[in-house]
Amino acid sequence: MKNHVDSNTVSIVIPVYNGVKTLADCISSILKQKLVPCEIIIVDNNSTDETKEIILSFQKEHPIIKYVFEKNKGRGFARNAGINAVTGSITVMIDADCIADTEWLSNLTKPIIEGNEQVVMGSEKNCENNYWTRHIQQGNNTFNKAHASG
């Protein structure tokens with residue numbers, strides 16, 4: 001039996017530490033998604049730069065953006081704080097130094113929304129056509145295929 005999930009209940013979590021150089025571009029790309037998330041939770045992992053100000057500036061214009069502060073340093077702490085704050089049925093994570101293609105969210109969540117999968121990870125699209133990206137993606141795909149059926 002397939003369990004369909006409402007596409008309007010997708011939460012995005014962005015953990016960030018000192019993201020002044022990349023965060024604005026990441027947030028801007030998320031705001032351009034064809035599938036609009038119900039919330040964008042940005043977890044400030046005890047940044048010492050102007051990360052908080054960037055988040056609050058975007059939040060003024062976009063009420064779906066939520067600011068969360070996590071005092072314990074470490075990506076795991078930040079991700080967990082974001083997960084604890086979500087209200088949507090589907091939780092998606094992206095790093096603050098990533099720029100998402102406008103179809104990223106809809107492509108990533110489509111198998112879950114259609115009820116075909118419960119969990120998805122990453123992307124097979126090679127956005128940076130270079131040696132390192134290609135080999136990292138190939139390694140990730142090999143790992144995922146080896147561990148997905150279990």
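This report describes the fold, the sheet and the helix packing of a predicted model.

## Basis of the model

Residues are numbered from 1 along each chain as its sequence is written. In this predicted model, local features need pLDDT of at least 70 and side-chain atom pairs count only at pLDDT 80 or more, while totals for chains, interfaces and linings use all residues; side-chain values use heavy atoms, with hydrogens and water left out.

## Overall composition

The protein chain contains 5 helices and 4 strands, where helices (H or I, at least four residues) and strands (E, at least two) are DSSP runs numbered from the N terminus. Along the sequence, these elements follow the pattern β-α-β-α-β-α-β-α-α.

Of the 150 residues, 34% count as buried, that is, under 20% relative accessible area with a 1.4 Å probe, protein chains only. Among contacts (heavy atoms within 4.5 Å) between residues at least 6 apart in sequence, 74% join residues at least 24 apart. The accessible surface of the protein chain, from the Shrake-Rupley method with a 1.4 Å probe, comes to about 9,400 Å², of which 51% belongs to carbon and sulfur atoms.

## The sheet

The 4 strands form an open sheet in the order E3-E2-E1-E4, with parallel pairing; two strands pair if DSSP finds at least two bridges between them. Strand E3 (65–69) and strand E4 (90–93) are the edge strands, each pairing on one side only. From one strand to the next, the twist averages 25°; axes are lines fitted to C-alpha atoms, for helices over the stretch in contact, and angles run from 0 to 180 degrees between N-to-C directions.

Strand E1 (residues 10–16) pairs with strand E2 (residues 39–44) over 6 bridges and with E4 over 4 bridges. Ile12 has Ile40 as its bridge partner in E2 and stands opposite Val92 in E4.

The buried residues of H4 are Trp104, Leu105, Leu108, Thr109, Ile112 and Ile113. Viewed down the helix axis, they fall within an arc of 130° and so line one face of H4; the arc is that of the directions from the helix axis to the C-beta atoms. These residues pack against E1, helix H1 (23–31) and E4. Just after H4, Gly115 takes a positive phi of about 85°.

Definitions and conventions
Buried < 20%, exposed > 50% of the residue type's maximum accessible area, 1.4 Å probe, protein only.
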